[in-house]
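Dear colleague,

Please find below the structure I promised to pass on, together with some notes on what I found when going through it.

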Amino acid sequence: MSLDTLADSTGSDVTSLNFEDTELTLGLPGCESRLPSVRVTKSCSKRGFTETVDLNSRSDCHRAGKPPAAKAQVVGWPPVRSWRQKAVAAGGCKYVKVAVDGAPYLRKVNLEEYASYKELLEALEKMFSWFTINWNYKEESKVKGMEYVPTYEDKDSDWMMVGDVPWKMFMESCKRIRLMKSSEAAVLGENAQKQNFEMKVPSDDDPESLNVQENGSRS
Amino acid sequence: MESELKRFRNSPNSEELTRRSSFPDEVIERVLSLFKSHKDRSAVSLVCKDWYNAERWSRTHVFIGNCYSVSPEIVARRFPNIRSVTLKGKPRFSDFNLVPLNWGADIHAWLVVFADECPFLEELRLKRMTISDESLEFLSVSFPNFKSLSLLSCDGFSTNGLSAIATHCKNLIELDIQENGIDDRGGSWLSCFPESFTLLEVLNFANLTSDINFDVLERLVSRCKSLRVLKVNQSISLEQLPRLLVHAPQLTELGTGSFSQQLTFPQYEELESAFSSCNNIHTLSGLWDVKAIYLPALYSACTNLTFLNLSYAALQGGELAKLLRHCPRLQRLWVMDTVEDKGLEAVGLNCPLLEELRVFPLDPYDEEIAHGVTEAGFIAVSCFCPRLHYVLYFCRQMTNAAVATVVQNCPNFTHFRLCIMNPRQPDCTTGEPMDEAFGAVVKTCTKLQRLSVSGLLTDLTFEYIGKYAKNLETLSVAFAGSSDWGMQCVLEGCPKLRKLEIRDCPFGNKALLSGLEKYESMRSLWMSACNVTMNGCRLLARVMPRLNVEVMKEDGSDDSQADKVYVYRSVAGPRRDAPPSVQTL
């Protein structure tokens, strides 16, 4: 699995990869650098997306016994003692859901475990590799060459680009993360052109661009 | 001497007694004092009057599984020499918010009686009781020899009550505050132990949330040379932990504080060094928000570990695997489902002596999340851990075939608690009910004492239970069954049944009333959100006067429905401390 080496590499050319065709990259269209690090800038203005984000879209559950649709929570079920829940929640856990467009299930990450965007995105990389193993590859054609943009919903329920704000601020305000297909993220409006949006600089030798690779091969 | 005189005064004819029995009372009492188990002692007391008397005078520990089954006066009168009392109060479903807050099970009346009749009481172990700060203060000043206090799933008190205990109990050796509904008002209670106090052997405050004064704790630990159990709370950091450990290398049970602080290399080395001198640890817990990179510091202390409680540590499978390689003697393991099936495979591969496994869910209420453990992990553990006899398994999917495989690999289950978290969920590969899974469990595991069922279940499951589970004592049922017949099968078929708790099942009056004689041989029955009516309950209460039949109504429910029913045998009659929401019929 070369995913680990991707994380370590320092700006080598994309075209040197063997699995270019099925490569998923996290970044805006045209961006070809692959490092999962990001130059964080202080941005005062929020950039939101015009479309509403629907996190309930997921591909079909493959198993025969698909769980019924989400229902209202039942009192006292599952039978877990309430202080167990409080204890886990209280103890330095900042769990947020991570949704990836096209993946059938959500994952959760604990933002407290990471000290920077780089660490977070490296962890997300590893999670993606698990997703590809489970995905239905009939959709492979759609997956080919796709790029994913990391976005998040903040306290005010606005959808923002991951990397906009300093890490600590992000950690405090992030409610959930969504890795959007770049085609959907294309509608950014004029704000996207602004200089202080470091992430989207499309340049081969830009080592700071936000990018996560997806290994399309199955293991 | 006084008690001897008392006894002679009370007995009808002391000379006659001595002539009749083959041994003098003192000998019988000495022999009987070797019986520790309360079941054995109950059996002994039924043999004859001599033995009954000898037993009651020699009994030092009383276990009361339902505080309302007997009154404190009866207990104190029968056992004048008791030193230790274990009391359980509320129905178990109170842990899951199904019982109104002011339901009862208040310890105070017991303390008042004991202060009068059994002032030499040394130990009190409470589970699901209500205990106020006033009661704790009363306890601390009324019993001069008081040594041990253990509270689990209790409520009604705050850290002020703990202050009273620390201040007044000069002979305290154990303060064990487990998971409770405590009002944590700060850590100053710890400072209430006098500087001269050195007797502590057990200190557990892991589930308190407030900061405590570390210097005070450090001094306490260093001067209590007999300290063998220390479980601290999250306010104690990784940097502080070694400073405690160096004072207590004799510890056998350790609950760490938070395990996630950023450590410098020297600090890490200090931590590692502190653990390496703890050769006696057999139980390890805590590890709140654990940073896996620091786990290697623990390795040297894990050689003799038999119980590892990681149920508050959100570890990944790979991280767990690395740790378990250093725990070859593990017998009991509690984990969170973040370890997933991969982690459970590692359990199987590294822990051949495993007897107990509990897997807790990180996100029990969130249906969008699909991680956790599955049938694969369950099978993996069973393949490599033939001694496994206790399991508590929270999962989001299961199959009949997997459960059948598990019990085939591990036929010695005594406790099988499977919780498929989505109610009424069928076998995830066949879409069928999970009847055959539990059928396999009861057919194969002849020693089964405790069973919790879940998933989509028809009456067939209960037919199997009634037919095969001949040693079953505790059964928990939720969202299961098709008709009254299911519950009837269990009541008629399980001779050793003591506790039956049911929620959200289609069992009605016919089922309830089919167990009339049964309930007197059981500790209790709980039924909530079933089809039982007030009339059914009234009939039960009328026919069985030695049972207490209590009904709790929900707001806005139909007058004729008995929303929550709690039935239990009692020699104390109906209780007088029930709140308005609880009606005794």
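Helices (H or I, at least four residues) and strands (E, at least two) are taken here as DSSP runs, numbered from the N terminus. Read in that way, chain A has six helices and seven strands, and from the N terminus on its elements follow the order α-β-α-β-β-α-α-β-β-α-β-α-β.

Before going further, please note that this is a predicted model, in which local features need pLDDT of at least 70 and side-chain atom pairs count only at pLDDT 80 or more, whereas totals for chains, interfaces and linings use all residues. Residues are numbered from 1 along each chain as its sequence is written, chains are lettered from A and ligands numbered from 1 in the order in which they are written, and side-chain values use heavy atoms, with hydrogens and water left out. The model scores ipTM 0.86 and pTM 0.78; chain B averages a pLDDT (the predictor's confidence in each residue, from 0 to 100) of 93, and 96% of its residues score at least 70.

In chain A, 51% of the 219 residues count as buried, where buried means under 20% relative accessible area, exposed over 50% and partly exposed in between (1.4 Å probe, protein chains only).

Lys127(B) is the bridge partner of Lys88(B), and the bridge partner of Lys127(B) in E4(B) is Leu152(B).

Turning to aromatic rings, those of Phe, Tyr and Trp (its six-membered ring) pair if their centres lie within 6.5 Å, and planes under 30 degrees apart count as stacked, over 60 as edge-to-face and the rest as tilted. By this rule there are 27 aromatic pairs over all chains. The rings of Phe462(B) and Phe507(B) have their centres 5.8 Å apart and their planes at 85°, so this pair is edge-to-face. Phe462(B) lies in helix H18 (residues 459-468) of chain B and Phe507(B) in the loop between strand E19 (499-503) and helix H20 (509-513) of chain B, so the pair ties together parts that are 45 residues apart in sequence.

Terms used: Two strands pair if DSSP finds at least two bridges between them.
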